[in-house]
Amino acid sequence: MSKPENNVRQDVCGSTSRQNTEAYVQILGTGMDTQETSPSVLLFFNNERFIFNAGEGLQRFCAEHKIKLSQVDHICLTRVCSETAGGLPGLLLTLAGIKNGSPESTEHVDIWGPPNLDLLVNAMKNFVPHATMVKTHIIPQSDNVMVHGNGAALASSLHAEELQAEGKFKAVSISAILLTPTDHLDGSHFSSNDTSIVYICNLHDIRGEFDPRKAKACGLKKGRKLGQLQNGISVKSDLLDIEVHPDDVIGPPIPGPIVLIVDCPTEPHAQELLSAQALNAYYSDSQSNSPETTKVVNCIIHLSPATVVSSPVYERWMRKFDSAQHIMARTTREHETTPILESSARIATRLHYLCPQLFPAPSLLSVQNDGVAAPNFKGSISKVCGISAENLLKFTLRPPRRLGLDRSSVQNQMTSSVFIKELLSEIPEIADAAKNMSTFWHKPKEDEAELFTRQDSEVMTGDPSLAGHAAPRCMKNVQRDDLEIVFLGTGSSIPSKYRNVSSIYFNLFSKGGLLLDCGEGTLAQLKRRYGINGADSAVRNLKCIWISHIHADHHAGLARILALRRDLLKGVPHEPMLVIGPEQVGEFLKDYKKLEDLDMLFLDCRSTTVAKWDDMEADSMNDESRDHTVLTSLSEDSSLLRCSKRMKPSTPVDDIKLLKRFKKVLSEAGLVRFISFPVVHCPEAFGIILESAERMNCGTVVPGWKVVYSGDTRPCSEVIEASLGATILIHEATFEDGLLEEAITRNHSTIKEAIEVGRSAGAYRIILTHFSQRYPKVPALDEVSIQRTCIAFDLMSVNLADLPVLPKLLPYLKLLFRTRELI
């Protein structure tokens, strides 16, 4: 990824000319309003970019603010875990698409991190095909590892050779200090996977000003020799019998600014930080340093959590820097009301104004910082300055005259009232539309009775395509605490400003919940929908997570959800989470388990097909031997994973016994059917059928609801058969109708095709999702399609009781989005 350094000249001593025009560090504030991940930091130079940490949501944040990740050269991880690297798989896949990722290409991204970085990269190889794009650089376990200006790492000759050939690190030298505590405060031991890194970024010195008067005194004439001196080359005087050195005619260099990026996840890490001798040269209070030898740190970005930053040990370490600007990236500002994703929040607020029943108010505003404030610096070290970070806050490093904080890119305060004011100004008639929408939830009971009276005459025709107009019997006197379907992500491929990638949360209320697909950012979306505490409750009460196929936009958020559940239930008796997915997802989780325990079990989708359930039912009637599925451990106890030739199982388990165990879990959730079926997309791609149990209503047995989710697929007979008589069919509609050839090539569906599948199956309601991120506005639908179809948006919450009015939403959505494109 070598680029010409048009604006930078560097001599053999590592100093840089003044033509290096711009450099800064900037907070990329993922996690600031939902607290689900670690913020990222951008180190920017004119021709080189470094990203420190890549938590979930990084791509979406950068898309929102037009930050070009395509120009990233290096990704540096302070730790390797779902919190700091949850967005890495999606980022690498996006960069691969941008840079083509061809075997012949020399383009690649360098990833730097602690020794366990290899574990993450090996796990990602299960679904990141462009391995040639990634060069992994392990920072070894030593006191201090220096990366020279030419990219050479002292600790590894192999890395030195590769990086030196690439000609990287032309504007900065980076040091890495590893922090590996031995014991927690409670006496338990840390593992090698708990290592964190402090990065020291030292920009090269700027060479001093050329002094023409000194040059004249040295007997030099105007010409080539003056240029040689400015390039660090000694020359012979034109008029005097002396040799002139650069220092004779050039003033003293301007020291390069120094930035520290610090991540101490626990207080023992902070104690290690305080004891790190490699930092002594940077301390202003060190007795061994003179003012001439002390390396002045200009800015310290703290990725450590607020509980650690406020500890006495950490504050003591911070006071060792006399003039550094401290930026606390993990301590939220009091009464924070600005969302990270302004465009998404604006759309969510507008949708809520139009129809609060389907679009509840976003729950992300005014997130508190757990009662922990930024450190209060008082006393003798009066020059120490600590501030809470803001999204897009910069600290300018070059040019020298602008050294310091820069808030010019920081967002203005945006609230829901501002968004509504904008809406009413743009579309004044939306106020009346909202009033009309509200009347749909206040229809008299006679209207509901008419729906069911009409049902028998319409359904008895035998034509399933006509059945969608009649309310199915499962809707009779349905309660609002039966089922709510929350669309957490409705986009495809990569996150965009308005749509996150695939995930659907089935809220079964007191009976728990399910996740169907779990793309990157799923946890953040849960928190935006339910708030911090509500999302924790939803994750804690999940019954299972089902993944449709191996593509990253459907499962890259798994590790973050599972890690949170593990932490929430620590010390509480519970069963491991059951993840059901294709074999490749199991392979990934098996490898990822070496990095951090996710407290889970895995079961192949093929073990939840009709045939497997039939085998289980037959086994309940007799004791004949059945085929066994061998599963392997994915947790500290035992976990479940379908065996393949590439895997060596440690514990054989009868898959029929496993399904009996899973059936009990489903029964507790009020479900009687949970069936995976193959679809036409990539190898091992599945759809899912969910059916609830019958219920009694005034002495009458009422059938349960049936929901079918297609996953990613071409229209196929398998989906139609699965959807016969469905209450809801959730079908992907990636492409507009005019892009049929592209849909066929990529094994996706167009909008028209998806609707036709639902009509052929007689589904009562068809909800379209998984839209291409290029999707403009609301699609045009004919009158017949409107009668049963709805377009899904992020955070849309469809209660089973609201299905009769769902299609009436579409004309109002067209009004709402008549002036804005969803791209």
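**Exercise 1. How many of the 10 residues of H18 are buried?**

Welcome! The structure is predicted, with local features requiring pLDDT of at least 70 and side-chain atom pairs counted only at pLDDT 80 or more, while totals for chains, interfaces and linings use all residues. Numbering starts from 1 along each chain as its sequence is written, and side-chain values use heavy atoms, with hydrogens and water left out.

*Step 1.* Helices (H or I, at least four residues) and strands (E, at least two) are DSSP runs numbered from the N terminus.

*Step 2.* Apply the cut-off: nine of the 10 residues of H18 are buried, so the helix is mostly covered.

*Step 3.* Name them: Glu-583, Gln-584, Val-585, Gly-586, Glu-587, Phe-588, Leu-589, Asp-591 and Tyr-592 are the buried residues of H18.

*Step 4.* Look for their partners, taking contact as heavy atoms within 4.5 Å. The buried residues of H18 pack against helix H2 (82-85), H4, helix H17 (558-568), strand E22 (577-581) and strand E23 (600-604).

**Exercise 2. Work out how H4 and H18 are oriented to each other**.

*Step 1.* Axes are lines fitted to C-alpha atoms, for helices over the stretch in contact, and angles run from 0 to 180 degrees between N-to-C directions.

*Step 2.* Read off the geometry: helix H4 (residues 117-124) and helix H18 (residues 583-592) have axes that come within 8 Å and cross at roughly 175 degrees.

*Step 3.* Classify the angle: under 35 degrees counts as roughly parallel, over 145 as roughly antiparallel, 65 to 115 as roughly perpendicular and the rest as oblique. H4 and H18 are therefore roughly antiparallel.

*Step 4.* List the residues that meet: H4 brings Leu-120, Asn-122, Ala-123 and Met-124, and H18 brings Phe-588, Asp-591 and Tyr-592.

*Step 5.* Sort them by class. Ala, Val, Leu, Ile, Met, Phe, Trp, Tyr, Cys and Pro count as nonpolar, Asp, Glu, Lys and Arg as charged, and the others, Gly among them, as polar. The contact of H4 with H18 then has five nonpolar residues, one polar and one charged.

**Exercise 3. Describe how H12 packs with H13**.

*Step 1.* Helix H12 (residues 342-354) meets helix H13 (residues 416-426) at an angle of about 70 degrees, and their axes are 9 Å apart. That angle makes H12 roughly perpendicular to H13.

*Step 2.* H12 passes H13 in a right-handed crossing.

*Step 3.* Collect the contact residues. H12 supplies Glu-342, Ala-345, Arg-346, Thr-349, Arg-350 and Tyr-353, and H13 supplies Ser-416, Phe-419, Ile-420, Glu-422, Leu-423, Leu-424 and Glu-426.

*Step 4.* By class, the contact of H12 with H13 holds six nonpolar, two polar and five charged residues.

**Exercise 4. Inspect the backbone at Lys-66, Asn-747, Gly-762 and Pro-399**.

*Step 1.* Lys-66 sits in the loop between helix H1 (58-64) and strand E4 (74-76). Its phi is positive, about 60 degrees, although Lys-66 is not a glycine. With a relative accessible area of 68%, Lys-66 is exposed.

*Step 2.* Asn-747 lies in the loop between helix H22 (740-745) and H23. Asn-747 is not a glycine either, yet has a positive phi of about 55 degrees. Its relative accessibility of 24% makes Asn-747 partly exposed.

*Step 3.* Follow the chain to helix H23 (residues 751-761), where the buried residues include Ile-751, Ala-754 and Val-757. Just after H23, Gly-762 takes a positive phi of about 70 degrees.

*Step 4.* Finish with Pro-399, found in the loop between strand E16 (394-398) and strand E17 (404-406). The peptide bond from Arg-398 to Pro-399 is cis, with omega near 0 degrees.

**Exercise 5. Summarise the chain as a whole**.

*Step 1.* Count the elements: the chain has 25 helices and 34 strands.

*Step 2.* Check burial: 58% of the 823 residues are buried.

*Step 3.* Consider sequence separation: among contacts between residues at least 6 apart in sequence, 69% join residues at least 24 apart.

Methods. Left-handed = near helix turned anticlockwise from the far one by under 90°. Buried < 20%, exposed > 50% of the residue type's maximum accessible area, 1.4 Å probe, protein only.
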